[in-house]
Amino acid sequence: MDREEFEHCWHEHVRRVTAYAERHVGRDAAPDVASAAFLSAWLSWKTVPDTALPWLISAARGHIRNHSRSLRRQINLQQRLQFLDQSAYLGEDAAVTAEERFTALTALASMPDGDREALLLIAWEGLTAEEAAKVLGCRPGALRTRVHRARQRLDTALLPLSSTGSAENTT
Amino acid sequence: MRDVLNELRPRVERLTRERSVEMLNAVLSHQPPVRRRGRNSVLVVATVLAIAASMLGFGLIIGNDEQESPVTADCTPMIRVDDIVYELRRYEEVNSATPLGQAQLSECEDTRRRSRGSYFPDDPRQKNAWSFEGTNPDRVLGIRQAGGIFSVYIATDATDNEIQRILHELKRSRTPR
C-alpha cells in the first residue's frame, strides 16, 4: 500500500532530511524544504527507490536551490558558518573543545561547496560514496577525491590544536 | 587525531514528533496524481479513426465518453469495523487510546480504466483498531502508526462540521509533553 510505505519512509528519514536542510537554509526554513522534498516523493512515489534517503536529499537540494533563488541571494561565508554552527551537535557530551568546534566549522564553511557537500553527505548524512556521488551528479571516483581533499583541509586546520594539547580540555 | 567531524554530527532528534505529524498531514493532503496508463494510445487510435472518417466524408468524429474519460479513482484509505466504514482524515498524536478489535483495511485499485478506487477485498488485511478517550467509536477510530502516532478514521457519513469537531476534540485532548 503506497501510503503505508510512504509513512514508513517519512518516519525513517524526515529528521535526517530536515537536518540536511537546516545546514543549508537555517533552522526556520528547514522544515519547509524537507516537506517540499517529501511532497515531491509523494507525488511521484512509484519512482522513489527503496533506498530513499539519497533520492530525498537530491530533492531537498533542488528545493534549496529554488529557495536561494527566491531570496535572490547567494549565501555568504558568515551565513554558511552560522547555519553549520546551528546544525552541528552542541551537547555537553561532545568531546570537542569550543576552539576545535569553531576551527572545524570555519574550515568546513570556507572550503569549496562541492568538497564540503561530499564530505558531509558521507560523514553527517551517512550516505555511501556511491549514493553521495549520485546526489552530487559526479562519479564515485571524483566524489572520493573531493572527500579526501576536504578531509585534508579539515585535518590541516585542526592539526595546530591537537599539537598544543588543547583537545584535552573538552567543553 | 580524534574524529572531530563525527563529534559534530548533527543529532536528528531536534524535529519534534508533533511538528513531524503536522508536516506529514500537510504532505498527505496532496493527492498523488492519478496514473493514466494507456491513455495516450487511446488518443492516438481516436485521432487516426477521426481522420479516416473525415476522409470518407463522415465529418470529424470526436471520441465518445468511453475513449476520452481519464482514469480517475479515489484511493483514500478506509477501514471497516462491524459494518461501519471509516475514512482516513488525518494523523494525530493521541495519548489516550484503547485497543478495540480488528479493523478490515481497504485496498486501492487506481491503475485500470474504470478503477474502483478504495475497496474492500473478499479477504481484507486486518489491523488493530483503537478508540480514543472521550469519543464515540462508532464515529471515529484510529490505527496505530510508527512512533505512537495514529491515523484517524472517521465514519464516512460524518458531515464536515462533525469531522472538524472530532479532529478539534482530539487535538485538544492531547496532553502537552
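This is a predicted model: local features need pLDDT of at least 70, side-chain atom pairs count only at pLDDT 80 or more; totals for chains, interfaces and linings use all residues.
Residues are numbered from 1 along each chain as its sequence is written, and chains are lettered from A in the order in which they are written. Local features need pLDDT of at least 70, side-chain atom pairs count only at pLDDT 80 or more, and totals for chains, interfaces and linings use all residues, while side-chain values use heavy atoms, with hydrogens and water left out.

Within chain A, helix H1 (residues 2-25) packs against helix H2 (residues 30-43) at an angle of about 145 degrees, and their axes lie 8 Å apart; axes are lines fitted to C-alpha atoms over the stretch in contact, with angles running from 0 to 180 degrees between N-to-C directions, and helices are DSSP runs (H or I) of at least four residues, strands (E) of at least two. Residues in this contact (heavy atoms within 4.5 Å) include A:Phe6, A:Trp10 and A:Val14 of H1(A), together with A:Phe38 and A:Trp42 of H2(A).

The contact between the chains takes 37 residues from chain B and 50 residues from chain A. About 3900 Å² is buried between them, 62% of it on carbon and sulfur atoms, where buried area is the accessible area (1.4 Å probe) lost on putting two parts together, summed over both. Three salt bridges are counted between chain B and chain A, a salt bridge being a side-chain nitrogen of Lys or Arg within 4 Å of a carboxyl oxygen of Asp or Glu. B:Lys127 forms a salt bridge with A:Glu4, their closest N and O atoms being 3.7 Å apart. On the side of chain B that touches chain A, the largest share, seven residues, comes from H2(B), a helix spanning 17-28.
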